[in-house]
Amino acid sequence: MSYFKIADLEQYFKHTKKAVREPRKFWGKMAEEAFLWYQAPERVFEFDFTNGDIKWFMGGKLNITKNCIDRYVARKGDKNAIIFESNNPDEPTQFISYNDLYQRVCKTANVLKSLGIEKGDRVCLYLPMIPELAIAMLACARIGAIHSVIFAGFSDAAARRRIEDCGAKLVITADGGFRGDKTIKLKEVIDKAINGLDCVEKVLVVKRTNQDIPFQAEKDVWFDELYANASEECNPEIMDAEDPLFILYTSGSTGKPKGMVHTTGGYMVQTAYTFANVFDYKEEDIFWCTADLGWITGHSYMLYGALLNGATTVIHEGIPTYPTPSRYWDIIDKHKVTHFYTAPTAIRSLMTNDYSYITSHDLSSLRVLGSVGEPINEEAWHWFNDFVGKKRCPIMDTWWQTETGAILIAPLAFKTPTKPTYATLPLPGTQAVLLDEHGEEIEDFQQMGNLCIKHPWPSMARTIWGDHKRYVETYFSTFPGYYFTGDNALRDEVGYYRIVGRTDDVIIVSGHNLGTAPIEDAINQHPAVAESAIVGYPHEIKGNTMYGFISLKVEGNYRDRDNLKKEINQLIADHYGPIGKLDKIQFVDDLPKTRSGKILRRMLRAIANNQENNLGDTSTMINPEILKKIIEEKL
Ligand code: WT7
């Protein structure tokens, strides 16, 4: 009996039951049969949710890069591992085979060694989306160094906080990066970020833009110079299953980012398993995840999950609208992409363009679509389904978190019937529950509750770097005995999950628990609306009432604002119910967002509640300049 690949829906239910009744057998067998170990695990797991102690595949010895690269070099070394599309479409595509990848990772690993990097050392990567970033991640893993990728859009202050927190010995950056029509400075940002930080011994600089940069002979080293003479063989470091593989920072409710620590064995098993099954991966597929490698989606599905399955993964350096809004469709057409995994915010921005950008391209290679990062609103779902998938590609609405390491709730392509805005069913091994405010399990359908998980899974983050207490408090203390996701969700009559938003996105109006997502769905159906976000503010009679911040499409700017407001409230009344009508509607140029595209509702909530002096951390925002006008025009 093989557990790695799920054949059909019936088997999905069998595996789900098996993983509850005999989790040791289920995961233990899968780990042994589908991966290469120097030494097989002795115990499958141990856990204690009270103290946040979680271990998987204990005693197992492995190296994840042997599973990602070496085993495919042996079987099909000429197959493309990575297809790299530059920001500039005139720059030739790079096709990196498994053989090439092996060589480049080994050489880069030897460069790291020559700089004194050893097992357990932390290495921060602040690089553009170029193959060297993926290769540097794998090179760290090859020698057992812990990588921590910092999204290259973060400011020096945000980068510094992360570099300092994990005590990085080395930072890898580039002379610059290309993003749309901009050339971004990276080295200057890192110079500022590490100024006076003792932990950083060296800065390794990759050439990308060839622009002049400040260079300090004592600290800075050109990557090319060391790489040219590096040996092409590097034996993998033998890692314990519970040795850390990487640290990835995610923003918390307070200012300080949380360095989520992922370990080697469990992360490997579950990212590979979910990649294979959720996306119905087949040998000839070309998988494109549009996330940045600086986010968990990039780590788990652009890189590790894909390579662990021997897949071909596309890396795109640029943005969807450069040089024209058809860049994504060009890439799909050019490389015959079969899987397109992106975020609702990207879909919504693509939707605002003329349809001719998309209809002039052949997208018939597409088989499966994916969405992640936020609830996908209905309008975006239908647009994605109709115009991109041409109604023949199932949409995998995948729910997970930086902390979960891998997808936990999602359909299985071509097996689970999909339903707009529903992430559908937990994958085998995920024991999801909804808890009410007293911690009782909710059994009824369509009742919103706190999404929690009652059994550990292999790829869960094991701690917060340097702050285990915060890990226990954040995830295990709200509902003792459960992992608390911080999300609200509900279930329909067949058990499908709909993620409604973060728990703090819930607004209680006249005693009704209203999730923001379904109301925003109604608003977004208005043809003039680009995006919307609703927050609550106190109301004498209703307890709370709703304030909507709405950005318009270009044509919306020509419309009468008062009429628009009426039409929007009418849509809410029609599609959601009059209880969801907004008391205040403010039209804004853009909604405040994080660099990964999440709407920062907490800022809008502060503004609506007259706490604009208390907006919290703005350093992770992509568009801080919009706040001033939103505050000035507040209703
Ligand atoms: C939060 C985690 C998982 C990789 C990218 C984000 C929200 C994520 C969905 C989805 C509704 C979703 C949740 C979650 N989220 N996927 N399919 N439907 N909401 O990782 O930055 O750690 O954010 O993103 O609120 O808790 P992250």
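Start by selecting Glu 85 and Arg 327: both are buried, where buried means under 20% relative accessible area, exposed means over 50%, and partly exposed is in between (1.4 Å probe, protein chains only). Before you zoom in, know that this is a predicted model, where local features need pLDDT of at least 70, side-chain atom pairs count only at pLDDT 80 or more, and totals for chains, interfaces and linings use all residues. Residues are numbered from 1 along each chain as its sequence is written, and side-chain values use heavy atoms, leaving out hydrogens and water.

Now show the side chains of Glu 85 and Arg 327: they meet in a salt bridge, 2.8 Å from N to O. (A salt bridge is a side-chain nitrogen of Lys or Arg within 4 Å of a carboxyl oxygen of Asp or Glu.) Glu 85 sits in strand S4 and Arg 327 in helix H11, so the pair ties together parts 242 residues apart in sequence. Helices (H or I, at least four residues) and strands (E, at least two) are DSSP runs, numbered from the N terminus.

Next, select Arg 601 and Glu 520. Their closest N and O atoms are 2.7 Å apart, in another salt bridge.

For your last stop, pick Asp 280, Lys 282, Asp 285, Arg 367 and Lys 415, which are linked in a network of salt bridges.
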